[in-house]
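Take a look at how the parts of this protein chain meet.

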Amino acid sequence: MQHLITFDQENKIFNLSNDKITYLLGIEEGNVLAHIYFGKKVSGYHNQFKYPRLDRGFSGNLPGSLDRTYSLDSLPQEYSSQGVGDYRILAAIIRQENGATASRFVYQGHEILAGKPKLAGLPAAYVKDDAEAQTLKIYLFDEVSQVKLELLYTIYANRAVITRSVKAINEGTQNVTLEKLASLQLDMVKPDLEVLSLPGGHVNERNVQREKVGFGIKKFASRRGTTSHQMNNFIALLEPNASEFSGEVYGFDLVYSGNHSMEVQKDPYGQYRLVAGINDENFAWMLEPTQSFQTPEVVMVYSDQGLNQMSQTYHALIHDRIVRSKFKNQERPILVNNWEATYFDFDESKLRPIVDEAKNLGIEMFVLDDGWFGHRNDDNSSLGDWYLNKGKFPDGLKGFADYVHAQGLKFGLWFEPEMISLDSDLYRAHPDYMLKVPGYQPSPARNQFVLDMGRKEVRQNIQQQMEKLLDQGFIDYIKWDMNRHLSDVYSVALAPNQQGEVLHRYVLGLYEMLEELTTKYDNILWEGCSGGGGRFDSGFAYYMPQSWTSDNTDAIARLKIQYGTSMVYPISTMTSHLSAVPNHQTGRITPFNTRGNMAMSAVFGYELNLTHLTDEEKQQVKQQVAFYKEIRPLVQFGTFIRLKSPFEQNDVAWMFVSKDQKEALLFTFNILADAQPEFTYTKLAGLLADAKYQDVESGAVYYGDELMNIGLYQPVVRQDFSSQYYHFKAL
Ligand code: DGJ
């Protein structure tokens, strides 16, 4: 077996290497675990990159030592803790019964394992077999608190990926409280770094923000109980000159769906530290003797060829080794969803013509969105009552689903399982099921409240209601929505000194329910959603192979949203629908083909009233559906390459290349038209240099290197929001 991990006993250095990357760490004086290097693969290491000793004023030294040149405040480390002279952002803060929060973790031992262990109760990257990866487990121990840490590092044989997580075990006789336990700390010695993050808002998710990391601390985080639209749980650290195609880039993706934090610091000595994991705000986890706590995992990716290579590494890992659904390699059905077509104003007689038209146009699935249950005719009631709104479906939901199936379409259904309306049978029977702080009136959002998903009986109630429907076997697809963030975080099921656990227990409870449902009903295609892309993360991808990218369906707004989302997540996880104009979120009117090109750049569907289309538009839908069926494997499972960024220019372009590089699809978009336009062109990428490619529509033939070095002019169109596609096949 290939040795991916070795330990140099003499110099006390661990080396994790494959053909692409090397990660080096060592045991320094005082048994402190020190960081040495992470980056492009090196053939060996000869102990030359030693921590430069220097007497730094106001940076203290090891206890009992007269050596003033060694300080935890300047040593690059693997995992730092509070109160022992490291003044930078810390990985762990652990409170003992006497109130002390100091800990001094030192190396105790290590193991090298074949494969990759599972993380109890948490989503994580997995391995196909033990030959695919190796894992280094390093034990750190703090003698006073008797807390042991297990630092896990997994390196895959063929990927520029290292995954990391930490487990804390209370081996003492007193309770301790974890006030912070990061999944990862990475100290980097680099001349200069920038940070790329994915901030946004509802209907404006995952914008690409890039900035210099200056001295001080910068935190990218969510305090909303969930991943959030406002800040995704991914960042990249980059060399200032890194672009889409060149330069060193390091990606960090937390496989988790709750509060998160990525803290970045440039220290006084010009070194960088990243600490990533569960956000320590509103977090405190009590560990009784023998109990343990497992952090979520961070997937680190290294690229020496810019952001595209980083994204492609993430896309492959998430698709191959995080998504588990049996649908992951299956082409996803083209759907029509009734949300923007009808909102709450529907009944079966209104939906049937949409289903008929969908059949006529070649669409493959009908999705019934919000409003089918309880007595929900607007968003003020019935969350928690997952049974039929009888007035809307006289023959029952199954009767309607049978009708959809009879037209040859699959049937999909919307749920929002984590929520409760005050006007619901569930609330009338179990008012204590929702999160609520004693004495305070809870804050509504969209006039709904959040269930305490950390409680088993709460989850079971909802799960049983859902299973009653799922067991009838007429549901092919489920959209799992979440339309508000958490507030009023308090659980009646937990003791006062455990209230800091509520947020993480919520996520663990949710994961347990998702695990049970998605494995029991694995014939259902599950789609994640949170008011659009509010929970678009790789933790969710472990359970659901696709997610609704944004409630914003405007093609031009989606340029940025899908571009940003593609930084981390594979195209097969990203859903996109062609909707009506004027667009319901922006009021913008865009051409039909531009809306199609945007939505066809992901897992494709429609979200408008098909019966309202003109004959000409129906023809266009037929063509789009036929075209998408042809390019679907290329889009959903090909290599995605970003060419021109909507964050930088008026011209946007991206492309898909098949794994054998013999087929390619280029989409270009021009946002605003100009009376006197500058000439612009697009250079393709990822093709075989000396292969000949034919443009399927025009018949024109080009060499791959022609397309990649000379490129194609962007046509001048006297209209805003224009778009083209070019489909190439190698001859
Ligand atoms: C938010 C989702 O993102 C929408 O697509 C739709 O399902 C609504 N919720 C329904 O309430």
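Domain 1 and domain 2 bury about 3800 Å² between them, with 57% of that area on carbon and sulfur atoms. Buried area here is the accessible area (1.4 Å probe) that two parts lose on being put together, summed over both. On the domain 1 side, Arg 206, Trp 285 and His 319 lose the most area to domain 2. Together they account for 18% of what that side buries.

This is a predicted model: local features need pLDDT of at least 70, side-chain atom pairs count only at pLDDT 80 or more, and totals for chains, interfaces and linings use all residues. Residues are numbered from 1 along each chain as its sequence is written, and side-chain values use heavy atoms, leaving out hydrogens and water.

Now the layout. The chain divides into domain 1 (5-321), domain 2 (326-637) and domain 3 (651-730); these bounds come from an automatic or database domain assignment. The C-alpha centres of domains 1 and 2 lie 35 Å apart. Their contact (heavy atoms within 4.5 Å) takes 47 residues from domain 1 and 45 residues from domain 2.

What bridges the interface? The rule finds 31 residue pairs in polar contact, both at pLDDT 80 or more. A polar contact is a pair of N or O atoms within 3.5 Å; within protein, one must be able to donate a hydrogen and the other to accept it, and residues adjacent in sequence count only if both atoms are side-chain atoms.
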